[in-house]
Amino acid sequence: MDHAVWGYLLSGAALVFFTAAIVLTKAASNHISLGLGFLVATAVNVLFAGLALVLQLALSGAGLQWDMQAFGLFALAGVFATYLGRWFFYESVARFGPAKASVFQVSSPLFTALIAWLILGENLSRWTALGMLMAIFGLLLLAYKPGFFSRQKIASEKAPKRFSSRVLQSVLLLGLCSSGAYAVGNVLRGAAVRSWPEPIAGALIGAVAGLALHLLLGNQCSGLLQRLRAAPRSGVWLYALVGVANISGQIGSIASMRYIPLSVAALVTLCTPLLVFPLSYWLFKNQEAFKATTLCGGALTLLGIGMVILR
């Protein structure tokens, strides 16, 4: 099978896993706090990726040939994507809903393309670039509604003065911070996997780095066992499934970057609004409004992706 076909299949599988993680995050956030759920999901990332690596080594019968430079790149990618990008994204999903949060991810391929061009010298054909722009515009149309970028109303008469509070109340800032962090992580992972083709090990390294940062910098560790025991089992299990889905999508996304341009892999894997919007309308009818422009946006997105694949 052609290498590009493998890349698209792997990125498509990653898209399905990331979509599942977004919808599960919204459901899970109604049961336990986001901070505790984030820790559960990140811990499951490490456990699941570790089990997958053990299974890989057992089936292959060969050990890993370590590449320390790639190891460092994967670890740094974990800082940007597993910790920063995912934290901003989870926060936006819990505060603004899965459809609105996921639509900001469509800017990530543009950031990825720019960074990959500046750092790795990766160029895109005009046809591919046009297809990407069409897909991104379609995704924006898919989830746009009047007042999309308006500021969130604050119930209290006195608005919080801290910058961190203002960031958490802005879907625009949360979305762009998440998108930019994911883009940097994508480029670092793409550079690493092309010199050291070990996507499962790379995902595990990034997950460990993200979990370590969360434990060091977060404030969710005190009384962790007590809070886990007191938390509803349904919420804990849902966040565990979020962790499985996210790390599975990560592995597929990293593997796809061996075969197709980084920005194209990012575009396919982050086309989550195409699936999230109809799913969230079906599952959360009272929270995610369905619009007539969905069909037009979806069609434009599929046309753009088709142009990229058939370039």
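Asn 186 counts as buried, because its relative accessibility is 7% and buried means under 20% relative accessible area, with exposed over 50% and partly exposed in between (1.4 Å probe, protein chains only). The structure is a predicted model, in which local features need pLDDT of at least 70 and side-chain atom pairs count only at pLDDT 80 or more, while totals for chains, interfaces and linings use all residues. Residues are numbered from 1 along each chain as its sequence is written, and side-chain values use heavy atoms, with hydrogens and water left out.

Asn 186 belongs to helix H8 (residues 171-195). Helices (H or I, at least four residues) and strands (E, at least two) are DSSP runs numbered from the N terminus. With neighbours within four places in sequence set aside, Asn 186 is in contact (heavy atoms within 4.5 Å) with Ser 108, Thr 112, Met 257, Leu 262 and Ala 266.

**Chain overview**

The protein chain has 14 helices and zero strands. Of its 311 residues, 52% count as buried. Among contacts in the protein chain with a separation of 6 or more, 90% come from residues 24 or more positions apart.

**Nonpolar cores**

A nonpolar core is a set of buried Ala, Val, Leu, Ile, Met, Phe, Trp, Tyr and Cys residues joined through side-chain atoms within 4.5 Å. The largest such core has 39 residues, of which Phe 74 and Leu 267 touch the most other members. Helix H9 (residues 199-217) gives the most to this core, with seven residues. Apart from it lies another core, of 25 residues, including Ala 28, Ile 32, Phe 89 and Tyr 239. Not counting residues up to four places away in sequence, Phe 74 touches Arg 189, Ala 192, Val 193, Trp 196, Glu 198, Gly 202, Ile 205, Gly 206 and Ile 254.

**Aromatic rings**

Rings of Phe, Tyr and Trp (its six-membered ring) pair if their centres lie within 6.5 Å; planes under 30 degrees apart count as stacked, over 60 as edge-to-face and the rest as tilted. The count comes to three aromatic pairs. Trp 66 and Phe 71 form an edge-to-face pair, because their ring centres are 6.0 Å apart and their planes stand at 65°. Ring pairs link Trp 66, Phe 71, Phe 74 and Trp 196 into a cluster.

**Accessibility of selected residues**

| Residue | Relative accessible area | Class |
|---|---|---|
| Trp 66 | 52% | exposed |
| Gln 69 | 63% | exposed |
| Phe 71 | 33% | partly exposed |
| Leu 279 | 32% | partly exposed |

Gln 69 is placed in helix H3 (residues 68-96). The C-alpha atoms of Gln 69 and Ala 192 are separated by 7.7 Å, although the two residues are 123 residues apart along the chain.

**Surface patch**

Val 16, Leu 275, Leu 279, Trp 282 and Leu 283 form a nonpolar patch on the surface, with about 480 Å² of accessible area together. Patches are made of residues with over 30% relative accessible area and no salt bridge, where like charges are joined within 9 Å and nonpolar side chains (Val, Leu, Ile, Met, Phe, Trp, Tyr) within 5 Å. A salt bridge is a side-chain nitrogen of Lys or Arg within 4 Å of a carboxyl oxygen of Asp or Glu. Helix H13 (residues 272-283) gives the most to the nonpolar patch, with four residues, and Leu 279 lies in helix H13.

Note on methods
Areas by Shrake-Rupley, 256 points an atom, 1.4 Å probe, with all protein chains shown as cover.
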